[in-house]
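Here are some notes for a first look at this structure. Please keep the model open while you read.

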Amino acid sequence: MTVKDIFESMDYGPAPESAGDALAWIVDQGSKFGHFIDGSFTAPGEGFESRNPATGEVLATLTQASQSDVDTAVEAARKAQPAWAKLGGAGRARYLYALARLLQKHSRLFAVLESLDNGKPIREARDIDIPQAQRHFYYHAGMAQLMESELPDAQALGVCGQIIPWNFPLLMLSWKIAPALAMGNTVVLKPAEWTSLTALCFADICRQAGLPKGVVNIVTGDGDVGEMIVKAEVDKVAFTGSTAVGRRIREATAGTGKALTLELGGKSPYIVFEDADIDSAVEGLVDAIWFNQGQVCCAGSRLLVQEGISERFHAKLRARMDKLRIGDPLDKCIDVGAIVDPVQRDRIAALVDAHGGEGEVYQPACDLPDGCYYPPTLVSNLSQASALMQDEIFGPVLVSSTFRTPSEAIMLANNTRYGLAASVWSENINVALDIAPKLVAGIVWINGTNMMDAAAGFGGVRESGFGREGGWEGLAAYTKPKNTGKALKPVAAFEGDTAEPQPVDRTAKLYIGGKQARPDGGYARDVYDKSGKLIGQAPISSRKDVRNAVEAARAASGWTGATAHNRAQVLYFLAENLATRKDEFAAQINRMTGGKSGAAEVDASVDRLFTYAAWADKFDGQVRQVPMRGVALAMREACGVIGVFCPDDLPLLGLVSAMAPAIAMGNRVVLVASEPFPLAATDFYQVLETSDVPGGVVNILTGSHEELAPSLATHMDVEAVWSFSGADISAAVEKGGAGNLKRTWVNNGFARDWMGAAGAGREFLEAATEVKTVWVPYGA
Amino acid sequence: MAQLGSQTGTTLDTPQLPQTIEPRNPGMDLDMDRVMHARANRSAIERRAKTLPGRRSVKKDFQAAWLARAISCIDLTTLAGDDTAGRVLRLCAKAKQPVRADLLEALGMQGLTTGAVCVYHDMIPHALKALEGTGIPVAAVSTGFPAGLSPFHLRIAEIEESVKAGAEEIDIVISRRLVLNGDWQGLYDEMRAFRAACGDAHVKAILATGELETLQNVARASQVCMMAGADFIKTSTGKEPVNATLPVSLVMMRAIREYYEETGYRVGYKPAGGISKAKDSINYLALVKEELGDRWLRPDLFRFGASSLLGDIERQLEHHVTGAYSASWRHAAG
């Protein structure tokens, strides 16, 4: 074509980024890679090929890690960890800063390598992945610097096993490694087998930065290697990937005491109201679902448009799709690159092909290049029940439906197993800011999409996983309190066989939905004092009582919407009424436990209620410093329904210590009372009844922790389960929680000093809340 | 638009005026519903504008061709208090021969001219004389440019005088106060009157976007001016503190697209002021291509209001031809 021809056609023409330097780097490494363990590369062994999905060409040969490779890597990390932690935050900050700098110095090499290995457009690697990876190291260099002063009670977890996905290889590596190192942990990281090259290039950078040996270890291989890491002697497992694998990891680590964070799948809604800037909302979808070929966990893949503008919106959307350029990822003028692997492309195609005639499928008439590509796709006019509306596709496929009113938009948006992200488009600040808190998601973008930054927490709720990456809350995933308790001594109930008649027979019941309820099974057990004398009977709850209690808790949603001031008032009232009955409670506790500290326990309980009444309106969210004109709000939201297995040893204080922070933050609770000493809890419901606690906010069950643990932990309508039980149920709770990936907080058999400082504070408030990041860009 | 295949966009065989190729926008009744529905989210629009240059790139011959296209769309402009016949003659000579002949020959782009020459009313005769027989139209700024605050009947008279003097394009300025006070009917009536005064001359409505401040104002003013029969909508006089920007352009282009979808009439777009680099011109052309489509990449539907842009493009074209970076004194002054 001559210049004159182009002058007429005004085509873009090719604009290729050179792959030369990146390919030369691979060749310089011998085109074969071993693992990076204890500061050096191992000799390449048996393994697999890493291909460029755009061309199918082999880029390099990688090594499949063996059990002994993983063991060696974990040992190296273990050996290096004490010195790394002891180096101090300021010392570690220097290394993290150096890593950030080196990533920046070699930014184009990393970008081209990422595009070659993953198939993503060079623009995205160059302008998003690599700069964001640098940003994470800079940000966490700062966190290391501030650790001692700002997190005086935190310490490193130890060795972290980290397993990352193939969609943002270097970026996910940085999300995992930067905070772990900042807090004094060492890591063994496994990149995805399709995309390991930038991780290996990063290993090279670690050497250049002079990072102490063993602090970062990288092993390559498939899911089997991932399983080895999960089972290895690590203190923490961090995983980003599919919900199915995340669930398996939850099951595998249950009861091991390993800390766990999971960033899993999503089917994030993209809600467009009739008063939105429609052209901008259409353009936003390009970044929501065609960014990275839609292979983004937080992709806005589920379009919900207000009915009145739906036709016009979809027409504009189809016209926009016609303009997308699909092709060579290294072309600087490309919007949509290659799918990471033929396996994924076939999976996407199969899901779309199986739509079964539901909805209308639109794909722009574009020539797909040879190689692993899938066209941008819209499936519109779907109903909520369609599989495509529910299942994560993880490809460039947008599905859409309509809604009529804001409340219907919320209902449809939340009608999903996932809860990662959501976008809301409206020019009406009242609508937008009303919707954001009502969406069940870890991240909400108002008039935008896919905004991320190291300073803002990222992570989901429901089956999108738990834990946050980024921001202050992200550090919780890589630290633990300095004071960890001693082993818990089981407390057994007293035995006896006497039947001492009461002046008037009193029946302890369960407390469900604001009413005293007899146990569904109709059984009770005798409770004796130390001398074997009968004190009374406690109901034995069954799974049906769990069901009823959860149902009542679910229904009490008004509590979560109540003002913090109002919740505080109720907590103060509880304290007041409990204090009035101090002597009676103290006597009952002393009799049940055979001790003398009943009065002190009641005093501490009253004090605890005051503490959380105080906190109710003071555990604030934050505004985060993200690089944007606007605000990123880190909002503290209630988890929802929390099930708690209360401590055995302090029957009143233990219950109050768990209940008060939970309800102060707006949760509704199902409390399973101290198993040996249940009658303080059943007395306590009388205090609840007289203190304006709305029915269903606090529900009390008694019975065997071991028997009730599976029912509560597997209940799909429970968001979190805590166990401070003396019974050995940590594993059962964590395993049961895998079903809906509920947040769990278990004692792993360690005691807690409920009378002391460990019995209250931020740890409880953090467990009782989820951080939702709401991005609100603005501009007149 | 099949007949466009043969159009080159040079003055040799392409008319620059829209009404000579396709039906001119006749305007329509003021539709307040549509005006009030125009919304523009600044943050989202700025994001789109900011990332576009990274998403679209033209290299080598493609870059040279795009730069030639940019030249063909320039309204080469002089709007200074000290303009004289001599100054205008020099400008017109540059419009006729915007790039050194040897470079055009090397590019195979002989005959390339700018889109038009844009002057004040008193300079029209000098420009007409200098451009005689070239087919390059003369545009005149009018209606009390740049403030637009002279008596209304004088603004109308000024248009009529300029048309009578031979200007084929009239760049009018709207009364910003009508937009700022939300007097859309007033703006519509004013634009209607200006359009009527233009007769066959085609009319570009200058919104002075830098003074409207909000993008929503820009979106609404764009709609009203098109409804009132503007052939082009134009960002700026070049005298405001902020002139053409990509975000403002995005809003105006989307308004044009919307108007086309609703009425079937294509309205042209002219960013003016502050576009001085070759790379900027490519970004604007890419935005037009993306948001409006290839049909708009012709001088009858797209113009740059610029004075120093041409100089930078010339240097880039010489670099393209020779491989060596150029200097401004190697190219004729305009």
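The points below cover a helix pair in chain A and a sheet in chain B.

1. A caution comes first. This is a predicted model.

2. Start with the helix pair in chain A. Helix α23 spans residues 653–664 and helix α24 spans residues 679–689. Their axes lie 11 Å apart, and the helices pack at an angle of about 45°. The crossing of α23(A) and α24(A) is right-handed.

3. Next, the side of each helix that takes part. From α23(A) come A:L655, A:V656 and A:M659. They meet A:A681, A:F684 and A:L688 of α24(A). The residues of this contact comprise six nonpolar, no polar and no charged.

4. Now the sheet in chain B. What is the order of its eight strands? The order is β7-β6-β5-β4-β3-β2-β1-β8, in an open sheet with parallel pairing. β7 (268–270) and β8 (304–306) of chain B are at the edges. Each has a single partner strand, so one side of each has no neighbour in the sheet. From one strand to the next, the twist averages 25°.

5. One strand pair can be followed in detail. In chain B, β2 (residues 116–119) and β3 (residues 138–141) pair in the parallel sense over three bridges. B:C118 stands opposite B:A139 in β3(B).

6. Last, a helix on the sheet. Helix α12 (residues 246–263) of chain B lies across β6 (232–234) and β7 of chain B. The helix α12(B) runs at about 170° to β7(B).

How values were computed
Residues numbered from 1 in each chain as written. Chains lettered and ligands numbered in written order. Predicted model: local features only at pLDDT ≥ 70, side-chain atom pairs only at ≥ 80, totals over all residues. Heavy atoms only, no water. Axes fitted to C-alpha atoms, helices over the stretch in contact; angles between N-to-C directions. Helix = DSSP H or I, 4+ residues; strand = E, 2+ residues; numbered from the N terminus. Left-handed = near helix turned anticlockwise from the far one by under 90°. Contact = heavy atoms within 4.5 Å. Nonpolar A, V, L, I, M, F, W, Y, C, P; charged D, E, K, R; others polar. Pairing = 2+ DSSP bridges.
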